[in-house]
Amino acid sequence: MKKTLASKKFVVAVVGATGAVGAEFIDLLGLNGISADRVRLFASERSVGKAILVGGQPVMVESLKPDCFRGIGIVFFSAGKGIAKAWAPQAIEAGAWVVDNSSAFRMESAVPLIIPEVNPDALDQCKGPSIVAVPNCSTIVALVAATPLHRVAKVRRMTVATYQAASGAGAAAMRELESQAQAFVEKSPMRTEIFGRQYLFNCFSHNSAIGPEGYNEEESKLLYETRKIWSDASVRITATCIRVPVLRAHCEAIGLEFETPLSQARAREILGAAEGLEVVDDRINNRFPEPLHAAGRDPVLVGRIRADWSLPPGMGIQMFVAGDQIRIGAALTGWRIAELIAARMTH
Ligand SMILES: NC(=O)c1ccc[n+]([C@@H]2O[C@H](COP(=O)([O-])OP(=O)(O)OC[C@H]3O[C@@H](n4cnc5c(N)ncnc54)[C@H](OP(=O)(O)O)[C@@H]3O)[C@@H](O)[C@H]2O)c1
């Protein structure tokens, strides 16, 4: 019998259960038939006692306490870097696996950084319950689309421009964008607590800190995480990450330069057959990936597949992708990592 999370008996926990990514984990628990009696949900003190439905049954939210992870098999962390740093080691000590969505451990050499469609074998380095890191959402969306071409023609350089949704900054950012739309209609002052500016009808550089070389953290993550996931320290990557006033699902314009030639037709064929992708490339009707069509869905949409005119024939492809970054860019990738873990468990 195939070993899946559903076929196991152990308890599954979500830390950050009341957040944007947490809500997707809860949806996945229900969709995969994990019953409420196998689920523990954690959030901050503010949410303690709140009941959240898992597969139609209420589960009470708890706060994190010493020993709270005893008896749990896998803990999904989606509550930020600080919480993961403070609590993931305690989960490991209690004998649980940790699948962490934050950036706390991604670049640690002892921690595998996994996109199941790309580098599932990175899990081999874990000999028992360990921390496994989920990459940044922009990295996941880009690499689900770029890796099938990389496997065939080897990418030597990748350029990325992102168009990132409010949901990437959490549930509160989504609420703020909605409230700005309402304020606009009502001609009342807009709330600007999350980004410190009007977001509606605007776009601006990603809100992460800018480093000494002028790249923000989101852009640096695309470089360093891709090098780790592809086990390729020489791949050259540059990115510009921008917030756009979309509620949910990131888009990215991706340019790939290859080591060996790959025709546009062959690239389209490879992308059409690749795991986790859906080609949306209707040139006649001008229909290509859009965030509204990716939102709430599992696949990364890929289109605008064309030869890069700025490179010699066959040496580069340009494409445009849209992926729901709280789903494939966070919870679903975390879930699929947990399925890889479950498949390797002996008990
Ligand atoms: N949003 C995305 O697209 C995305 C993508 C990839 C990775 N991530 C990562 O996933 C994590 C969560 O992101 P999010 O967007 O879901 O954020 P969010 O909507 O702001 O949710 C944050 C969650 O963390 C909980 N939390 C805060 N303080 C806590 C504490 N002291 N103890 C326990 N729980 C606490 C919150 O609980 P309360 O409701 O009780 O405050 C809430 O459940 C972050 O590390 C983020 O970088 C997010």
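Visitor: How many helices and strands are there in the protein?
Guide: This is a predicted model, in which local features need pLDDT of at least 70 and side-chain atom pairs count only at pLDDT 80 or more, while totals for chains, interfaces and linings use all residues. Residues are numbered from 1 along each chain as its sequence is written. Helices (H or I, at least four residues) and strands (E, at least two) are DSSP runs, numbered from the N terminus. The protein has 8 helices and 14 strands.

Visitor: What radius of gyration does the protein have?
Guide: The radius of gyration is taken over C-alpha atoms, and the globule rule is 2.2 Å times the number of residues to the power 0.38. For 347 residues, a compact globule would therefore have a value near 20 Å. The protein agrees with this, at 20 Å.

Visitor: What share of the residues in the protein is buried?
Guide: A residue is buried if 20 or more other C-beta atoms, placed from the backbone, lie within 10 Å of its own, exposed if 12 or fewer, and partly exposed in between. Of the 347 residues, the buried ones make up 45%.

Visitor: Into which domains is the protein divided?
Guide: The bounds come from an automatic or database domain assignment. The centres of the two domains, taken over C-alpha atoms, are separated by 25 Å. The division is into domain 1 (11-135 + 330-344) and domain 2 (138-325).

Visitor: Which element gives the most to the side of domain 1 that touches domain 2?
Guide: Two residues are in contact if their C-beta atoms, placed from the backbone, lie within 7 Å. In this sense 14 residues of domain 1 are in contact with 18 residues of domain 2. With 3 residues, the element that gives the most to that side of domain 1 is α8.

Visitor: Which residues come nearest to the ligand?
Guide: A residue is near a molecule or strand if its C-beta atom, placed from the backbone, lies within 6 Å of it. There are 31 residues around the ligand. Those that come nearest are Gly19, Ser47, Ala79, Ser102 and Gly170.

Visitor: Which element provides the largest share of the shell around the ligand?
Guide: At least three residues of the shell come from each of domain 1 and domain 2. The largest share is 3 residues, and it comes from α1.

Visitor: Which residue in the turn between β3 and β4 has a positive phi?
Guide: Two strands pair if DSSP finds at least two bridges between them. β3 and strand β4 (residues 57-62) run antiparallel and are joined by 4 bridges, and leucine 53 stands opposite proline 58 in β4. The two strands form a hairpin with 2 residues between them. In the turn, the residue with a positive phi, about 55 degrees, is glycine 55.

Visitor: Where is lysine 187, which has a positive phi although it is not glycine, found?
Guide: Most residues other than glycine have a negative phi, and most peptide bonds are trans. Phi of lysine 187 is near 55 degrees. Lysine 187 counts as exposed because it has 6 C-beta neighbours inside 10 Å. Its place is the loop between α4 and β9 (204-205).

Visitor: Is phenylalanine 201 buried or exposed?
Guide: Phenylalanine 201 is in the loop between α4 and β9, and has a positive phi of about 60 degrees. It has 9 C-beta neighbours inside 10 Å, so phenylalanine 201 counts as exposed.

Visitor: Which residues does valine 155 touch, beyond those up to four places away in sequence?
Guide: Valine 155 lies in strand β8 (residues 155-164). It counts as buried because it has 26 C-beta neighbours inside 10 Å. The residues that valine 155 touches are Ala146, Leu149, His150, Val235, Leu256, Glu257 and Phe258.
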